[in-house]
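Welcome! Here is a short briefing to read alongside the sequence and the 3D view. Take a look at the structure first, then work through the points below.

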Amino acid sequence: MLLIKELPTSESLKKFALRYPEADIKAIWEFVNILRAASDISDALDKLLAQHGLLQGRWWVLVLLLREDNLTSSPSELAEKAGVTKATMTGFIDGLENEGLVSRLTDRKDRRKLKIKLTAVGQQKLDQVMPDYYTKVDALLSALTHEQRTAVVSSMQALGANIGAMK
């Protein structure tokens, strides 16, 4: 999340260019604008989900479980799909279980194996959240034409594929 609200001005970027002549100032300006928009979108999603008593991480767990045919997955699979550590996923699952949105199931044959299942209460929660989510996403994306949306997605996928350049 980008914490700075004030993006660099052309004057401040010129100062940086003098101090760091190798800097591509236009690329830096574009980069911070991408970060700012992504941060603002994530923050808006957080606020939308908070209206429904959810945090983004927990919501993603519910969505990932809903994608499964049997509404069930292992904690490690969920962590991998969500891009978080197993410890973080355990925290998400603990909170969701406390609210009755998921349940932990142990394998009868191998009690070391654990599965997480979306409960009926969890499905009801998603049934409340998702229409609002879809409406708000449509409203946000209405600022762009379908061609612009395609271009944004394509551009973001290209940046994601090149993320190794930042390492």
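**Overall picture**

In the chain, 51% of the contacts with a separation of 6 or more are between residues 24 or more positions apart, where contact means heavy atoms within 4.5 Å. This is a predicted model, in which local features need pLDDT of at least 70 and side-chain atom pairs count only at pLDDT 80 or more, while totals for chains, interfaces and linings use all residues. Residues are numbered from 1 along each chain as its sequence is written, and side-chain values use heavy atoms, with hydrogens and water left out.

**Fold and dimensions**

- The chain has seven helices and three strands; these are DSSP runs numbered from the N terminus, with helices being H or I of at least four residues and strands being E of at least two.
- Following the sequence, the elements come in the pattern α-α-α-β-α-α-β-β-α-α.
- The radius of gyration of the chain is 20 Å, whereas a compact globule of 167 residues would have one near 15 Å (taken over C-alpha atoms; the globule rule is 2.2 Å times the number of residues to the power 0.38).
- The C-alpha trace spans about 65 × 35 × 25 Å along its principal axes.

**Surface and interior**

- Of the 167 residues in the chain, 24% are buried, meaning under 20% relative accessible area with a 1.4 Å probe, protein chains only.

**The largest pocket**

- The largest pocket has a volume of about 930 Å³; a pocket is an open set of points on a 1 Å grid where a 1.4 Å probe fits, with protein on both sides within 12 Å along at least five of seven lines, and lining residues have an atom within 4 Å of a point.
- Among its 24 lining residues, Ala37, Ala38, Ile41, Leu140 and Leu141 are the closest to the centre.
- At least two lining residues come from each of α2 (25-50), α3 (56-67), α6 (120-141) and α7 (146-161), and α2 gives the largest share, with ten.
- This lining has 17 nonpolar, four polar and three charged residues (nonpolar: Ala, Val, Leu, Ile, Met, Phe, Trp, Tyr, Cys and Pro; charged: Asp, Glu, Lys and Arg; polar: the others, Gly among them).

**The second largest pocket**

- The second largest pocket has a volume of about 280 Å³.
- Its lining includes Phe31, Ile34, Leu35, Met156 and Met166, and α2 and α7 are the elements that give two or more residues to it.
- By class, the lining of the second largest pocket has eight nonpolar, two polar and no charged residues.

Notes:
Points joined across faces, edges and corners; volume = space filled by probe spheres on them. Buried < 20%, exposed > 50% of the residue type's maximum accessible area, 1.4 Å probe, protein only.
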